[in-house]
Amino acid sequence: MYLLDNIDKQQFIRQYWQKKPLVIKQGFDNFIDPLDENDLAGLSQEPTVDSRIVSLTANAWQVSHGPFEDVNAYCLGAWSLLVQSVDHFIPEADELMRAFDFIPHWRMDDLMVSFSNKDAGVGPHLDQYDVFIIQGKGSRRWQVGLPGDFDKINPHKDLAQISGFEPVIDQVLQPGDVIYIPANHPHNGVALEECLNYSVGFRAPSQQEMLSSLADFAIDNNLFNERYTDKELAPREFSGEIKQQEVVRFKQMLKQLLETDQFSNWTAQFLSQGGEKHEFEDQDIQNLSHQEIDDKLKAGIPFIRCPGIKAVFLEHPLYNIDNFMFYIQGEAFSVPCKDKELTLKFLHQPIFILENNQLDHCSVFFTELVTTMANLGYWYPE
Ligand code: SIN
Ligand code: CO
């Protein structure tokens, strides 16, 4: 289990989160890498995994995209192999990500892992996401600056870099050290030797993404069909003119929609879609009966949450108050409210074992829920 140390998490949120970069020396004591470069190279061969190699040879940057049949063919000069969503494939990587659970699930994106040789990096750049970067084996020099207006350069069409930032942090990270880089803070990491880095990324949705998702939700659920009315139509000299009061009425109609229960449900559904969607292989999908799951639960068999699966729910559900609703990857699930406590335990723990004193609370609905989760591949009995 990975525990983040040497940091007061509440103080971190107050003073640093989205505000200032920070180095947490020995955030992980005696850090053990959850994987090695061979695992990473193996993942980069998979067609469902998003990977790239960034290399610099004789002042020329090159970016190649996976899947890579032969990784070595692209590892020229100073190079980094970067693989996205490693938390979905390697349970220990998912465990490492969980050490950052003090930031809500819905903000979490994925765990990107990179392996670099000496002098490698992706160059100075900005990211739109907040990130904690954990130093695995090896050491790397990190420079981080403050937001500003930087010249943008594209030394390769798939590589966005910037020039000329003044670092406010310039430190060499050793295994177990962690650096927090808020969104839009310029940074540059250069490997001093072969090294592994783990980037826990946090996404924040844009207004454009919200609107696009809300429109899909409205269409899919046949919602927000109210039409504009104008019994008090204002006279005007030019029929092409749109009156200010008409613009105001449009705003009112949209504001009304924000106050509905459906809007809250859309929020939960939307925020459960953060990060890469976990794609299940056929062999992950089981067909267990309600009775089989009931027997396993009551026999104390552990149910293991598939890496990368994160459930979200509303603090104050407005709609459907008889049921506790939660969302995984954009899909809604529910149990009667009396099963909420046990369901929360099930969702929260990476390994769930029904304890003797919970047997009485294990209703047919809860067992049905576990059956659904297992048959979707989200949880599996050991
Ligand atoms: C890396 O791990 O090589 C790059 C991380 C970053 O700077 O975003
Ligand atoms: Co970055």
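Is His-187 buried or exposed? His-187 is buried, with a relative accessibility of 2%, where buried means under 20% relative accessible area, exposed over 50% and partly exposed in between (1.4 Å probe, protein chains only).

1. This is a predicted model, in which local features need pLDDT of at least 70 and side-chain atom pairs count only at pLDDT 80 or more, while totals for chains, interfaces and linings use all residues. Residues are numbered from 1 along each chain as its sequence is written, and side-chain values use heavy atoms, with hydrogens and water left out.

2. Helices (H or I, at least four residues) and strands (E, at least two) are DSSP runs, numbered from the N terminus. Asp-127 is partly exposed, at 28% relative accessibility.

3. With a disulfide taken as a pair of cysteine sulfur atoms within 2.5 Å, the count is zero. Cys-75 is in no disulfide, and its nearest cysteine sulfur, that of Cys-195, is 14 Å away. Cys-75 is buried, with a relative accessible area of 15%.

4. Helix H6 (residues 261-271) has eight of its eleven residues buried, so it is largely enclosed by the rest of the structure; among them are Phe-263, Trp-266 and Phe-270.

Notes. Chains lettered and ligands numbered in written order.
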